[in-house]
Amino acid sequence: MDHRSTPLFSALRKHAENNPVQFHIPGHKKGMGSDPEFRSFIGDNALSIDLINIAPLDDLHQPTGVIEEAQKLAADAFGADYTYFSVQGTSGAIMTMILTVCAPGDKIIVPRNVHKSIMSAIIFAGARPVFISPARDENLGIDHGITTRSVRRALDRHPDAKAVVVINPTYFGICANLKEIVDLVHEYDIPVLVDEAHGVLIHFHEKLPISAMQAGADMAATSVHKLGGSMTQSSVLNVRAGRINPHRVQTIISMLTTTSTSYILLGSLDTSRRNLALHGRELAEHALGLARYAREEINKIPGLYCVGDEILGGEATYDYDPTKLTIHVRHLGITGYETENWLREHYNLEVELSDMYNILCLVTPGDTRETIDTLLAALRRMSEDYHEKSEVQELVVKIPEIPHLSLTPREAFYGETEIVPFKESAGRIIAEFIYVYPPGIPILLPGEVISQENIDYIVDHVDVGLPVKGPEDRSIEFVKVIFEEEAIS
């Protein structure tokens, strides 16, 4: 296929250049009706292609023209049989995967450290999750992915599951042996759904982990916007035909997608596909080189450790993406959250996420030697300020065990509820999410029984300022639980 072409974006430019008189939405009409300051900042070019699904521009809900052509080019670039554009982010693509394969009451095997969008889809579907514990890293205080061994155990106990979900790579860039897991699951004739939100570049460089489509997975939700150059909220859903009905996928993704689809986002997917298809390897090589330099220099800084090849060798650490810089800061005597704030206040530098012991910095094709040197200068200065001047806390990995699932997430989410003080909620069934974002991994899910261990863990996170979210009470002083009828005496 000719990956130099951009059928959708070219149609958008041509339409804007024709300068038609518009009697349709959006009401700003090429910016004429916009706030003047916003129009000046955004620019008339962007506003001229902020359009809707009129005939020359095709329709994402039933593509037969330039969007269909653009999606076929994307499928070729990503090694898929079908690719669907998402303007609802990777969350929308993930929900489409789950709802395509699950009906009410169906089992689905998922890692416990899944993104909240997977659990949202399980609630919508009325499915019953079968959780696999991720492998825990006792040195870094983080979770990795699931192992082939744990997947085998889950399949042996639940051979009637409708799908297995795998995260590849994890937020921190770590991968299990995806090909081995896919082959195992396919022995049961069950589809594999991959959360590939953090892996768009892995399709385009042999030194990066294997991609979902390369491993033979059935569906993969991939964030082009995270690392591949498209605009925020634009992603793709890649599908392999066989165990998955592509017509069903189109129906589901259409149900979840706004009818006012953003052509700016769609155009950015079309052009990012072109850039990745033509230059993906050199773009990835550029990011890999900068990450290699950054990792070597960070590991020379007193009190800091940046994860590298030495992490490999375990069943859950089969491969990793070196462009993810996981920087362990515990030996400076500060938390990752304090590190994030220090970098923001002193160097106007923003990181991807922080947790109790680490920060995560992403190196992408958009980086330069200058941006990496700014990061290194900031980390060196921070080391001077803190190394051997603060008490180093012992690394305590006290992530609670997976809670008992007493009700399906859907039953709990829609059940009769009451509000109780969170610190007094041990033993009750929670009816809402509690999660840390980023990365958006739930600590408690609707339907799970709250333990004192859960309460202590969440309170500790709130106390150090980590971004715990989810409950309707944003202070997390109160929580919604399933109503319990008092016994009649």
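This is a predicted model: local features need pLDDT of at least 70, side-chain atom pairs count only at pLDDT 80 or more; totals for chains, interfaces and linings use all residues.
User: Which elements do the buried residues of α7 pack against?

Analyst: Residues are numbered from 1 along each chain as its sequence is written, and side-chain values use heavy atoms, leaving out hydrogens and water. Helices (H or I, at least four residues) and strands (E, at least two) are DSSP runs, numbered from the N terminus. Contact means heavy atoms within 4.5 Å. The buried residues of α7 pack against β2 (107-111), β3 (128-132), β6 (164-167) and α8 (178-187).

User: Which residues of α7 are buried?

Analyst: Buried means under 20% relative accessible area, exposed over 50%, and partly exposed in between (1.4 Å probe, protein chains only). In helix α7 (residues 148-157), Thr148, Ser150, Val151, Ala154 and Leu155 are buried. They fall within an arc of 160 degrees seen down the axis of α7, so they line one face of the helix; the arc is that of the directions from the helix axis to the C-beta atoms. Exposed Arg149 and Arg157 sit on the face turned away from the buried side of α7.

User: Which element gives the most to the lining of the largest cavity?

Analyst: Rolling a probe the size of a water molecule over the atoms shows where empty space is left. For the largest cavity, α10 gives the most, with three residues.
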